[in-house]
Amino acid sequence: MSKINKEFLLEAISGIQTGAKEKQRKFLETVELQISLKNYDPARDKRFTGTVKLRHVPKKSFKICIIGDERHLDEARNLGVDCKSADDLKKLNKNKKLVKKLAKGYDSFLASDGLIKQIPRLLGPGLNKAGKFPTPINHQESMEEKIETVKRTIKFQMKKVLCLSVAVGNVAMEQDELHANIMLAVNFLVSLLKKNWQNVRSLHIKSTMGKPHRIY
C-alpha cells in the first residue's frame with residue numbers, strides 16, 4: 001500500500017518542470033528521487049540491495065559499453081554501441097587511473113557471459129568499486145532488448161549512510177511517465193526495507209539543478 005498522495009506528487013512534478021523551464025540549462029536535467037531512512041542501523045542491520053526496471057528510460061543520454069567476444073563486438077558495432085574486447089582491457093594494464101576513467105565514461109556495461117569471470121583479473125576491482133560491474137549477456141539474448149532493459153533499470157544500494165539517491169527520469173518527460181517511474185521506484189524501495197514505510201523518514205524529488213520537493 002503506497003502512502004504517497006497522487007495529487008501531491010503530480011504537484012511536485014509540475015513544480016520541478018516549471019522550475020526547469022524558467023531556468024533552462026544547457027543540458028537535460030535528471031529527476032532524482034532522494035530517500036532518507038530512519039530506525040535503521042547500517043552497521044548492524046542487513047544492508048539491502050535491489051534493482052527494479054522502470055516503465056520509461058530515465059536518462060536520455062545513457063552511455064553503455066559492451067565488453068564482448070567477437071560475435072558480440074560485431075553486434076555492438078552494427079548497433080552503433082561502444083565496445084571493447086578482452087585485449088582492449090589488457091592494454092589498460094590494471095592501471096587504477098585508466099580503469100577509473102573507463103568506469104566514469106559510461107553509465108553501464110554489458111559483458112559476454114564467457115568473459116565476465118575474466119574482468120576482475122583484467123581490470124582489478126575498479127568497475128565493482130564504481131558500482132558498474134557488467135551485466136552478463138549471452139548469445140540467445142537480443143542485445144538491443146538487453147540494452148533497453150539496462151537503460152530502464154535502477155539500483156538501490158544501502159551503504160553506510162541513511163540517505164539514498166536514484167535517477168527516476170528527466171525534466172522533458174511527460175508528467176504521467178515521471179509519475180509511473182517514481183511510484184514504481186518508491187514502492188520497490190519500500191518492499192526492500194525491513195519495516196517498510198516505518199523505515200522511511202522522508203522522500204524528495206528534485207532536478208539536477210533545482211530545489212527539492214518533498215513528496216512524503
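Mentor: Start with Ser36, which is found in strand S1 (residues 30-37). Helices (H or I, at least four residues) and strands (E, at least two) are DSSP runs, numbered from the N terminus. This is a predicted model, in which local features need pLDDT of at least 70 and side-chain atom pairs count only at pLDDT 80 or more, while totals for chains, interfaces and linings use all residues. Residues are numbered from 1 along each chain as its sequence is written, and side-chain values use heavy atoms, with hydrogens and water left out.

Ser36 has a relative accessible area of 16% and is therefore buried; buried means under 20% relative accessible area, exposed over 50%, and partly exposed in between (1.4 Å probe, protein chains only). Not counting residues up to four places away in sequence, Ser36 touches Leu162, Asn199, Val200, Arg201 and Ser202, where contact means heavy atoms within 4.5 Å.

Next, the pairing of the strand. S1 and S8 pair in the antiparallel sense over 7 bridges; two strands pair if DSSP finds at least two bridges between them. Leu33 stands opposite Val166 in S8. Strand S8 (residues 163-170) has 6 of its 8 residues buried, so S8 is largely enclosed by the rest of the structure.

Leu33 also belongs to the largest nonpolar core, which has 35 residues; Leu33, Phe48, Phe156, Ile182, Leu203, Ile205 and Ile215 touch the most other members. A nonpolar core is a set of buried Ala, Val, Leu, Ile, Met, Phe, Trp, Tyr and Cys residues joined through side-chain atoms within 4.5 Å. Two or more residues of this core come from each of helix H1 (6-22), S1, strand S7 (153-157), S8, helix H8 (175-192) and strand S9 (200-207). H8 gives the largest share, 7 residues. A second, separate core of 17 residues includes Ile67, Leu89, Leu102 and Ala103.

Leaving out residues up to four places away in sequence, the contacts of Phe48 are Leu37, Tyr40, Phe156, Gln157, Met158, Leu164, Leu189, Leu192 and Leu193.

Elsewhere, an open sheet of 4 strands has the order S4-S3-S5-S6, with parallel pairing. Strand S4 (82-84) and strand S6 (135-137) stand at the edges with a single partner strand each, so one side of each has no neighbour in the sheet. Strand S5 (residues 108-112) runs parallel to S6, joined by 3 bridges, and the bridge partner of Ala111 in S6 is Pro136.
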